[in-house]
Amino acid sequence: PPWGKLEDPPSAEELKPAFKEAFRETSQRYPCFGHEEGMSSRAWWAAVVKNTLRHCGRDYSNADFERFFQRVYQHYGTLEAYEELKDAKGFLDWAKQQGLAIGVTTNSCSRTIDNTLPMLGFHDHFRWFVCSGELGREKPEPWIFVETHRQASFWVEGIKREEVLHIGDSLAADFCGARAAGLQAVLLDRSDNAKVMQYQDW
């Protein structure tokens, strides 16, 4: 859609590499979604989008940018922006039936926990939520897994760290990070899903 009616808007082909570079740069400048700087999720993503446009060779006025960014940010607050993996709900329903205590440990901003998961109907499957934007630490750092164990211990009294199983699709961040912190780990292979893999070729 013609969000913001930008003059000479960048194409999808321009945006993908520009976004990757902008995300990398913003993550380095403001780690963990600007946790130390006290940035809101909206402010952090605004910095990413502005940097993305800069990498596309576009320089818009503040008014034009704000009009455009508001629509982008709104879009990622809607179901239209997400696609549910076909095996996700089935697995979570099964785990719930088994009486397993499940939580989320994610390198994401608080908006994912507070808005996206409830919007998609996933939040009721989880007991605890650990995200890098709130903690100020990210996978594969040990501290985020230490916090995972701490929160799991509230729901499963006396659980040992080596009894917590972390499942994730990143070898470095999820599998190696969890194992190094003393948790069990399973690497979820999504290599047969092109839509997932296109966001893992960074």
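Trp 45 is partly exposed, with a relative accessible area of 22% (partly exposed lies between buried, under 20%, and exposed, over 50%; 1.4 Å probe, protein chains only). The model is predicted: local features need pLDDT of at least 70, side-chain atom pairs count only at pLDDT 80 or more, and totals for chains, interfaces and linings use all residues. Residues are numbered from 1 along each chain as its sequence is written, and side-chain values use heavy atoms, with hydrogens and water left out.

**Aromatic pairs**
- Rings of Phe, Tyr and Trp (its six-membered ring) pair if their centres lie within 6.5 Å; planes under 30 degrees apart count as stacked, over 60 as edge-to-face and the rest as tilted.
- The count by this rule is 12 aromatic pairs.
- Phe 33 and Trp 45 have ring centres 6.2 Å apart and planes at 45°, so the pair is tilted.
- This pair links distant parts of the chain, 12 residues apart: Phe 33 is in helix 2 (residues 31-34) and Trp 45 in helix 3 (residues 41-55); helices (H or I, at least four residues) are DSSP runs numbered from the N terminus.
- Phe 33 is buried, at a relative accessible area of 10%.
- For Phe 65 and Phe 69, the ring centres are 5.8 Å apart and the planes at 10°, so the pair is stacked.
- Both Phe 65 and Phe 69 are buried, and they lie four residues apart in helix 4 (residues 62-75), about one turn of the helix.

**Cluster**
- One aromatic cluster is formed by Phe 19, Phe 23, Phe 33, Trp 44 and Trp 45.

**Charges over rings**
- Lys 50 lies over the face of Phe 65, 4.7 Å from the ring centre (NZ of Lys or CZ of Arg within 6 Å of the ring centre and within 35 degrees of the ring normal).
- Arg 111 lies over the face of Tyr 73, at 3.7 Å from the ring centre.

Technical notes: Helices (H or I, at least four residues) and strands (E, at least two) are DSSP runs, numbered from the N terminus.
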